[in-house]
Amino acid sequence: MEALRQQLAQLRTEIEAFPVNQVADAEAFRIRFLGTKGALKSVMGEMKNVPAEQRKEAGQLLNEFKAFAESVYQAHLDRTSPTTASVGSSVDRSLPGASQPIGSRHPVTRMKNEIVSIFQKLGFAVAEGPEIEDDWHNFGALNLPAHHPARDMQDTFYVQQNPDWVLRTHTSSVQIREMEKGKLPIRMLMPGRVFRNETISARSHCFFHQVEGLYIDEQVSFADLKQTLYFFVQEMYGQDVKVRFRPSYFPFTEPSAEMDITCFICGGDGCPVCKKSGWVEILGCGMVHPNVLRNCNIDPEKYTGFAFGMGVERPAMLKYGVSDLRLFSENDVRFLRQFPAIT
Ligand code: PHE
């Protein structure tokens with residue numbers, strides 16, 4: 001024990017005398033005292049010569065000493081490493097840093113986020129699902145059984161390996177996935193990419209984005225649907241915009257409607273965007289069909305709900321003055337750079 005004390009005292013003197021003027025010296029210090037073959041390791045090896053009843057005390061002594069040596073090493077490092085050295089260093093810390101270029105959000109993402117954030121104010125949460133879907137979630141459960149003529153409303157990409165798989169044609173498939181979970185009420189938004197076998201042109205593409213919404217609870221009515229969408233339109237396009245509902249058909253909603261707003265380019269006077277009608281269609285909607293609820297084990301006698309779905313690219317084109325849809329997916333930085341960095 002006494003031998004150990006003496007060894008440590010000697011080591012302490014050595015540590016205190018060890019000259020450290022630069023980082024390399026600090027490293028030499030570490031190797032000499034703290035390294036795997038360092039002085040401290042060999043002193044620790046002495047433990048086995050200490051009588052059993054004194055081991056505890058010896059262990060404590062060694063631990064304290066190790067902490068001391070480490071703190072001296074840390075102080076040497078702090079003093080000599082170039083990032084923290086302030087005196088005698090060639091680094092001028094008052095210089096401005098090298099700026100990191102900040103990317104910007106894609107215009108489709110910005111538009112999607114804007115739509116989502118409006119519905120979030122009404123308590124809608126976001127749900128996502130797979131882009132490769134099975135027939136049941138994309139069609140069957142949505143009241144579109146095999147050979148139903150309305151399947152042709154959307155030209156579908158089928159996956160060659162498995163005839164039961166499709167690239168989802170709408171995010172209504174995610175509505176089914178949410179309903180199947182059996183947790184009610186549901187107030188969800190389903191943003192995402194969808195695919196349709198359409199000829200690529202300035203106005204249509206084989207993939208695009210949608211935001212769909214679903215609200216299911218007891219006593220949800222068409223009036224709730226209208227109020228929700230009025231709120232959305234006012235937040236998105238302003239207080240003065242007029243809205244109209246036109247009867248429409250979707251297999252998964254009954255009744256179904258399409259919603260138009262007064263053209264936000266010409267204010268309703270008539271222009272090429274609204275094809276001189278003064279109105280632009282922005283979404284499809286309706287009350288969830290009882291068959292759809294039944295397909296998801298929800299009792300249509302007890303629960304009702306509404307759903308709606310809108311495209312993201314079209315409003316983004318109008319908002320940002322983009323005349324060709326293809327620009328959104330070409331990843332041309334000259335195009336993308338025109339959108340301000342992160343919002
Ligand atoms: N799924 C429809 C489409 O892609 C949109 C929609 C959603 C319509 C919900 C009504 C209700 O065109």
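The legends below describe close-up views of a predicted model. In this model, local features need pLDDT of at least 70 and side-chain atom pairs count only at pLDDT 80 or more, while totals for chains, interfaces and linings use all residues. Residues are numbered from 1 along each chain as its sequence is written, and side-chain values use heavy atoms, with hydrogens and water left out.

**View A. Helix α1 against helix α4.**
Helix α1 (residues 2-17) and helix α4 (residues 55-80) have axes that come within 11 Å and cross at roughly 5°. Here helices (H or I, at least four residues) and strands (E, at least two) are DSSP runs, numbered from the N terminus, and axes are lines fitted to C-alpha atoms, for helices over the stretch in contact, with angles running from 0 to 180 degrees between N-to-C directions. The two helices are therefore roughly parallel, given that angles under 35 degrees count as roughly parallel, over 145 as roughly antiparallel, 65 to 115 as roughly perpendicular and the rest as oblique. On the α1 side the contact (heavy atoms within 4.5 Å) includes Leu 4, Leu 8, Leu 11 and Ile 15, and on the α4 side it includes Leu 61, Leu 62, Phe 65 and Phe 68. The residues of this contact divide into 11 nonpolar, no polar and four charged, where Ala, Val, Leu, Ile, Met, Phe, Trp, Tyr, Cys and Pro count as nonpolar, Asp, Glu, Lys and Arg as charged, and the others, Gly among them, as polar.

**View B. Helix α5 with helix α8.**
Helix α5 (residues 107-120) packs on helix α8 (residues 222-237) at an angle of about 130°, with the axes 10 Å apart, and the two are therefore oblique to each other. Met 111, Glu 114, Ile 115, Ile 118 and Phe 119 of α5 meet Thr 228, Leu 229, Phe 231, Phe 232, Glu 235 and Met 236 of α8. By class, this contact holds eight nonpolar, one polar and two charged residues.

**View C. Helix α5 with helix α10.**
Helix α5 also packs against helix α10 (residues 313-320), at an angle of about 105° and with the axes 9 Å apart, which makes α5 roughly perpendicular to α10. Pro 107, Val 108, Arg 110, Met 111 and Glu 114 of α5 are in contact with Glu 313, Pro 315, Ala 316, Lys 319 and Tyr 320 of α10. These residues divide into six nonpolar, no polar and four charged.

**View D. Strand β5 and its partners.**
Nine of the 11 residues of strand β5 (residues 207-217) are buried, so the strand is largely enclosed by the rest of the structure; buried means under 20% relative accessible area, exposed over 50%, and partly exposed in between (1.4 Å probe, protein chains only). Strand β4 (residues 186-195) runs antiparallel to β5 and is joined to it by 10 bridges, with Pro 191 standing opposite Val 211 in β5. Strand β9 (residues 304-311) is likewise antiparallel to β5, through eight bridges, and Gly 309 in β9 is the bridge partner of Glu 212. Strands are taken to pair if DSSP finds at least two bridges between them.

**View E. Ser 173 in helix α7.**
Ser 173 is found in helix α7 (residues 172-180) and, at 0% relative accessibility, counts as buried. Leaving aside its neighbours within four places in sequence, Ser 173 is in contact with Glu 133, His 137, Asn 138, Leu 142 and Arg 168.

**View F. Pro 272 in a loop.**
Pro 272 lies in the loop between β7 (253-262) and β8 (279-288), and is exposed, with a relative accessible area of 71%. Its C-alpha atom is separated by 78 Å from that of Phe 29, 243 residues apart along the chain.
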